[in-house]
Amino acid sequence: MSTALYTEHLAHVLRGTETALATSGFEAAVFPYGSYRSKSRYDDQDFPFRAAPHAEYVLPLGEPDAVLVVRPGRAPALFRRAQTSFWEKPAPFAHGWMLESFEVRTFDDAETLLAAVVTLAGEKAAVVGEDATVARRFPNEHRDPTAVVTALHELRTRKTAWEIEALAVAGARAAAGHRAVAEAFFAGRRSELDLHLVYLAATAQDDSETPYKNIVALGRNASILHHIAYGRTATEDRSLLVDAGAPHAGYGSDITRTWVRRDRAGAAAAWADLVGAIGRMQLALIAAATPGVDYEALHDSCHQQLATILVEHRLAKGAPEALVTSGVTRAFFPHGLGHHLGLQTHDVAGKPRPPRPENRYLRNTRTIENGQVFTIEPGLYFIEALLEPLRKTPAGEQVLWAEVERLSPFGGVRIEDNIAIVEGAPRNLTRSAIPQGDGSGL
């Protein structure tokens, strides 16, 4: 990672924070990283620690009980707890050189640390984050003030060059896992759990480190949009969908690939052709993602193109426009085309307005701008809970149900890449590292 790019990023974040404070009547910002959270009040087990994104935006420390204080015109201050526990040793901070830009103070106990935070932040400080231990040291009206939080979220919608670099590195790390899983799948019968573990090993991650719970789905399970109840038994299924990412410096990638063991003829060959068609459509949608385009209009275009694919692959009949207006395409593709990506998998401020009712699951309704990073992830699924009601409507007469039944054992296809808008054009951060093709080989 580039030292110069992080320095520019930090300066950008500090300027944006200072502006948010000045326009809201505050003189300092307090960003707690958070603490371990108990899984249940009936036992003493904690969830794996995840640092608060507001703090990670300034410094990707990933350390529990730490607190940042930002004051205009002064170096940001980092308050850390001395690591003296003999129960466990936290992972070392991988980017120690970043600390040179901070005033670092280390304390032996939490009470002394919090008292120092309050003293330095002063009486006109805004505390942004979910850590109740820190928040209750400040007046209620200073906790997550709407104007400050809104301004910081808006700032995060346009990524700096350093953030885009971090997301590219996270994408390359995830791509190694996708390649390893595809190779294992094509090598022979595997269970979903086997393939999940292959992914973790190839990306050098523990399960708790992944940006989100990996989706690994064989056969019909690929019709379950968030399939995480991995099968433990190897199967003869010929299709595989993997939706999985990897972290880097607090940022996480989000990639989906669909694979099929293609035969010379028959259903598997038809499925591979369908995967190839979705892949070409996805690339066309990415090419159209340029500044000034409304993302919801891109989502609408996806439905129009999907309708043509349904007709061309003998899954439906009639005019493609009719398949969209009657709701047929939404039975095959119920989710949104994509979402903003960054410190959070579904990053903040991607939906400044609600989508239209027929697009209720769409998570991105912004106009595309330089600096944005988002996913583009069209899909086509055979979800019985959506197709069965469609059969009973007049619109269901447009569907060629025999072909649907023939391809249903393959579950679904989704192809997802991470797109950065740079200098007026889409930059695909993930496709070159792990291609898709027709899904029948690497």
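Modeller: Buried means under 20% relative accessible area, exposed over 50%, and partly exposed in between, with a 1.4 Å probe and protein chains only. This is a predicted model: local features need pLDDT of at least 70, side-chain atom pairs count only at pLDDT 80 or more, and totals for chains, interfaces and linings use all residues. Residues are numbered from 1 along each chain as its sequence is written, and side-chain values use heavy atoms, leaving out hydrogens and water.

Colleague: What percentage of the 442 residues in the protein chain do buried residues make up?

Modeller: The cut-off for buried is under 20% relative accessible area. Counted that way over the 442 residues of the protein chain, the buried share is 54%.

Colleague: What share of the contacts in the protein chain with a separation of 6 or more comes from residues 24 or more positions apart?

Modeller: A contact means heavy atoms within 4.5 Å. Among contacts with a separation of 6 or more, the part from residues 24 or more positions apart is 73%.

Colleague: How many cavities of 30 Å³ or more are there?

Modeller: On a 1 Å grid over the protein atoms alone, a cavity is a set of points where a 1.4 Å probe fits but cannot get out; lining residues have an atom within 4 Å of a point. Grid points are joined across faces, edges and corners, and a volume is the space filled by probe spheres set on the points. With 30 Å³ or more required, the count is 2.

Colleague: Which helix gives the most to the lining of the largest cavity?

Modeller: The largest cavity, of about 40 Å³, has a lining that includes Val 13, His 54, Tyr 57, Val 58 and Arg 156. Helices are DSSP runs (H or I, at least four residues), numbered from the N terminus. At least two lining residues come from each of α1 (3–22), α2 (53–58) and α5 (146–156). With 3 residues, the top contributor is α2.

Colleague: How many charged residues are in the lining of the second largest cavity?

Modeller: Asp, Glu, Lys and Arg count as charged; Ala, Val, Leu, Ile, Met, Phe, Trp, Tyr, Cys and Pro as nonpolar; and the others, Gly among them, as polar. The second largest cavity, with a volume of about 30 Å³, is lined by residues including Arg 189, Arg 190, Asp 237 and Arg 261. Its lining has 2 nonpolar residues and 2 polar ones, and the charged number 4.

Terms used
On a 1 Å grid over the protein atoms alone, a cavity is a set of points where a 1.4 Å probe fits but cannot get out, and a pocket is an open set with protein on both sides within 12 Å along at least five of seven lines; lining residues have an atom within 4 Å of a point.
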